[in-house]
Amino acid sequence: MTTDVKEETLCARCTEIDWEDAVSQVGILSSIRYEICRQTDRGSPKLDLSPFDSSCPVCRLFSALVEIEHRKGHMAKYFKLKGEEYKHYMDADTLRPILCGPLNGFPVAGGFHSRSTLGLATKGYEGVIDDSSRKLRKIDPAKIDINLLQNWISTCDSQHEGDCNFHNPESIPSLRVIDVHTGFLEEARPGCKFIALSYVWGSSPPPANESYNDQGHNLLETAPDTIKDAAQLTRELGHQYIWVDRYCIPQDDSQAKHDQIQRMDLVYRQSELTIIDAAGEDAEFGLPGIKRRARDAQPSAQVGKHLYLVATDAKYDSYFDSTWRTRGWTYQEAIFSRKCVVFTRREMYFQCRSMTCRETVCRPGTPALFTSSLGGSVRAAWGHITAYSSRKLSFDSDALNGMLGIFRQYRMSQNPVFNFWGIPFSGDTRESAEQSFLLGICWSFTIHAEGRRRHDFPSWSWTGWETCAAPYPTRDGEPPKLTGSVSLHFNDGSVLGFHRVFDHYIKEPELRGLSRFLTIECWTFELEVVSPIETWCDSRDYRSHRLVGSWVWPVERPELVDGSRIALYLDQDTTLGHHLPPMNSSGCFLCLVFGGMEEFVPSQRDQLVTLAIVVTKMGDHYERIGHFSIDDSLLFRISASTFEPISKERLKIKNWLPSEFKWRNIKIG
């Protein structure tokens, strides 16, 4: 589409600049400098450039970019332009504004980079497909260039092998798709080619009984705008069917719904293309540039007859700032998709397993928007758990569901990784499986924040907490050798050892009968816990280090003669509140130690490093409240009266450990 644009006149200063030469000077800070003036107009601050000509399109472009930074608190006094070559622009020649002045109230030496970058584009709104161009592209905010998208897909289809165009022959039971021409829900025929949609549901509830009872009804007539737009794009790309979870997953049949959720990896892996709505906060927003909603206007200025100075995101900001990227369910949807088109408020992206393309950049390249690699180890599985658990879920019941596709792929890999209630573990042998599982329940978290308890899930699993989970800490990458054993409880009250359950239930898998309760047999000792603490440690080793968690010490350890005591700092899965037992209640807090007694002999205590979790009594069972590694680095000398840290120099774990440990069976849920 060609749009006639009246050429505007540049001011004298901007006319003197050779813009093509300026953007090609990679790594050179140009002599182009604009002063930023702040005046007061009837009591309101006014941002301006000096010199500034309101009739000059380049002056207006720069003023708009500086105003965006100003609203973010970036109170620059002037800015310069620096030529740069960066991977997010696929080797396009660009200019990056360097703003000089305070950033969020603090001075920044040498200035700071704007979140926008500038480059040259040609021919107005025509979506020129030129893989050799080092220019940006000027886009139409009203509509995407469908020919450009088709070219990206065609390039992938014809030039890429392997994962991009690998078709998994595994069937998906009861798969349903929507015919985009009729709006009818249909049973997918063998070999059916379809496009999938990944989007943010928002607060809208799932359609009650609609998946089954509305066969023969045009679902698209009343569908939210995002789904209507996705169906239109499917038609424009020449496809007949689209898969949308809210209609194609049976919402009124719990077993059929569970079976489909477990196979979400197959749905997105077998789709010809996944349409990702990373623009809206709910399903009513629509896909910008398709029909109902335009994209944000791209800042631009005409600097020649067929030449434009245009702005684009410095990186992938419109994608990284999206609500879609914060939602739990969308994580595995992106990982399993072989080809994706991503809609944001500013531009369209395309990603397959071999290349990433931006609508505002002529040349395909890297880096990827999101990972599509699973890896083949327990540690790799934990990487996905960490990424997933940092996202948000509308319903606590989905804490595990949103990872089931990923876990299914790990279970089917060459070196299987199994899971129980979301804890991944290897299964080379029954003995190594139990060791790996014990390590798994010693998981930690990466963000010091209150973790809300999800009571339908076990406390010993990351699924039981709304927190960003991470794997157990290790030194030198080697997991420690642990002692202890695990038995699993069934809903009928029976209990079996881990080895038998692993062989007959987890490996199959057939988990329906298993409860969330474990019995762990290990060394234990009673703890006193002071919680919550939130303080700063200014010792030599921990200068200005913020501590959020608890102080813990063995019950039998008295305070020192100088009114202090040695305490170990405990990261907590939650901020303990008044609902927990009082601190002086005997046996309320236990430390479960997964280490051999030979590690606790006095001659070896200086080298002790082993894992432990802290549990608290909850009726007839215990629940996990935290974790720690038993070693010197976590020891502090604190005031016995105020619990403020005093120091942490020259403290040894042998001065903290109790003199006796008890071997116990602990039921934990």
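Trainee: Which residues of H12 are buried?
Mentor: This is a predicted model, where local features need pLDDT of at least 70, side-chain atom pairs count only at pLDDT 80 or more, and totals for chains, interfaces and linings use all residues. Residues are numbered from 1 along each chain as its sequence is written, and side-chain values use heavy atoms, with hydrogens and water left out. Buried means under 20% relative accessible area, exposed over 50%, partly exposed in between (1.4 Å probe, protein chains only). For H12, that gives Val378, Ala381, Trp382, His384, Ile385, Thr386, Tyr388 and Ser389.

Trainee: How far apart are the end C-alpha atoms of H12?
Mentor: Helices (H or I, at least four residues) and strands (E, at least two) are DSSP runs numbered from the N terminus. A helix's expected span is 1.5 Å times one less than its number of residues. H12 has 12 residues, so it should span 16 Å, and its ends agree at 16 Å.

Trainee: Which helix do the buried residues of H4 pack against?
Mentor: Those buried residues include Trp152 and Cys156. Contact means heavy atoms within 4.5 Å. Besides strands E11, E14, E15 and E16, they pack against helix H6.
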